[in-house]
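These are my notebook entries on one protein model. I set down what I looked up, entry by entry.

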Amino acid sequence: MKTAQAPHRSAAAPPATPGPRPAGRAAAGPLRRKLSHQARAYGFLIGGLICFALFSWYPAIRAVIIAFQKYTPGSAPEWVGTANFTHVFDDPEFGAAWRNTLTFTLIALLIGFAVPFVMALVLNELRHAKAFFRVVVYLPVMIPPVVSALLWKWFYDPGAGLANEALRFLHLPTSNWTNGADTALLSLVIVATWANMGGTVLIYLAALQGIPGELYEAAELDGASIWQRVRHVTVPQTRFIILMLMLLQIIATMQVFTEPFVITGGGPENSTVTILYLIYKYAFLYNDFGGACALSVMLLIVLSLFSALYLRLTRTDD
């Protein structure tokens, strides 16, 4: 008599579940990955800081030190205290350079500050071809500054330049432009305004498009004219952007160099010598690096005041 046997099961037994990991070992994995990501991030940050320190901080600190030394290539530096500053103050070009720089900044604020705002107002009112005109306005910014200056140098040529040719065609008196001591600085302001206003126009345009349309509709219902809408709606709504761009323009125009260097060479009669151009002359024409660094320190102090004001106005309270 055969006894009954239990049927054989072919299915494998379920694997044993592992026991719980220790708490320290479970937390080590995410912590290690987090530290690895942070190490890579800090590695890239340290590389950037090293480059910034070598090519920005070190030259600035070195320039401040050289400002108090008699320094010429090939000879050991000699500490002279404030002699470089005294020498620079006694230079007749020093007063002319500061006067030209401040005059250039003032004229640039009157012309180069108002023109971009007006162009932004016009572009904001366009209904067709907005993208095309934005590209046209921004195109001068994409041209290298030296190329732009050379084009304007040909444009201002008193003989066969396009500017005087256009005046002759309109039967108007011609001008010496950059060859005249009384017109050279104004001519350079026009060049700088044309070359740099593209970015300012786009910033203004972005600010104008952020103004609620209900404000203009309410002004129109009250019978406000275009000038009244600009005065009582547009300007108050964009006053912060206007102030910020004004400070940035002051900082930028006080460092003008390319236009005097390429177009006029500081002339005629030193009418376009600016601070940066005078620094260039001290360093590379007079071989006086101490005087050049002394001028740089003076310009640094003035620009630091405007930069501090800019940072103060743009600071947001937490």
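**Entry 1: Loops and backbone angles**

I began with His171, which I found in the loop between helix 7 and helix 8. The model is a predicted one, and I read each value below with that in mind. The phi of His171 is near 60 degrees, a positive value in a residue other than glycine. I noted this because most residues other than glycine have a negative phi. His171 has a relative accessibility of 73% and therefore counts as exposed, the cut-off being over 50%.

I then turned to Ala129, which also is not a glycine and has a positive phi of about 60 degrees. Ala129 sits in the loop between helix 4 (114-125) and helix 5 (130-142). With a relative accessible area of 43%, Ala129 is partly exposed.

I also looked up a peptide bond. The bond from Gly267 to Pro268 is cis, with omega near -5 degrees. I recorded it because most peptide bonds are trans. Pro268 belongs to the loop between helix 11 (258-264) and helix 12.

**Entry 2: The whole protein**

I next noted the overall figures. The secondary structure comes to 13 helices and 2 strands. Of the 318 residues in the protein, 33% are buried. The protein exposes about 20600 Å², and carbon and sulfur atoms supply 67% of that area. Taking contacts between residues at least 6 apart in sequence, I read that 66% join residues at least 24 apart.

The mean pLDDT is 84, and 90% of the residues reach 70 or more. Over residues 6-12 the pLDDT stays under 50, and for this stretch the model has 0 contacts beyond four places in sequence.

**Entry 3: The nonpolar cores**

Which residues have the most contacts inside the largest nonpolar core? I found Val88, Trp98, Leu295 and Met298, in a core of 26 residues. At least two residues of this core come from each of helix 1, helix 2 (83-89), helix 3 (92-111), helix 10 (226-253), helix 12 (275-285) and helix 13 (289-314). Helix 13 gives the most, with 8 residues.

Leaving aside its neighbours within four places in sequence, Met298 is in contact with Phe85, Val88, Phe89, Phe94 and Trp98. I then recorded a second, separate core of 18 residues, which includes Leu121, Leu123, Tyr204 and Ile211.

**Entry 4: Salt bridges**

How many salt bridges does a search of the whole structure find? I noted 2.

One of them joins Lys281 to Glu93, with the closest N and O atoms 2.7 Å apart. Lys281 lies in helix 12 and Glu93 in helix 3, so this pair ties together parts that are 188 residues apart in sequence. Are these two residues buried or exposed? Lys281 is buried, with a relative accessible area of 11%, and Glu93 counts as buried at 10%.

I then looked up the salt bridge in which the side chains of Glu165 and Arg168 meet, at 3.1 Å from N to O. Both residues lie in helix 7 (residues 162-169), where they are 3 residues apart, about one turn of the helix. Glu165 is partly exposed, with a relative accessible area of 38%. Arg168 also counts as partly exposed, at 36% relative accessibility.

At 42% relative accessibility, Phe52 counts as partly exposed.

**Entry 5: Ala195**

My last entry concerns Ala195, whose place is in helix 8 (residues 184-209). Ala195 is buried, with a relative accessible area of 12%. Which residues is Ala195 in contact with, leaving aside its neighbours within four places in sequence? I noted Pro140, Val141 and Ser148. I also looked up Pro144, which is 51 residues from Ala195 along the chain. The C-alpha atoms of Ala195 and Pro144 are separated by 9.2 Å.

Definitions and conventions:
Residues numbered from 1 in each chain as written. Predicted model: local features only at pLDDT ≥ 70, side-chain atom pairs only at ≥ 80, totals over all residues. Heavy atoms only, no water. Helix = DSSP H or I, 4+ residues; strand = E, 2+ residues; numbered from the N terminus. Buried < 20%, exposed > 50% of the residue type's maximum accessible area, 1.4 Å probe, protein only. Contact = heavy atoms within 4.5 Å. pLDDT = per-residue confidence, 0-100. Core = buried A, V, L, I, M, F, W, Y, C linked by side-chain atoms within 4.5 Å. Areas by Shrake-Rupley, 256 points an atom, 1.4 Å probe, with all protein chains shown as cover. Salt bridge = Lys/Arg side-chain N within 4 Å of Asp/Glu carboxyl O.
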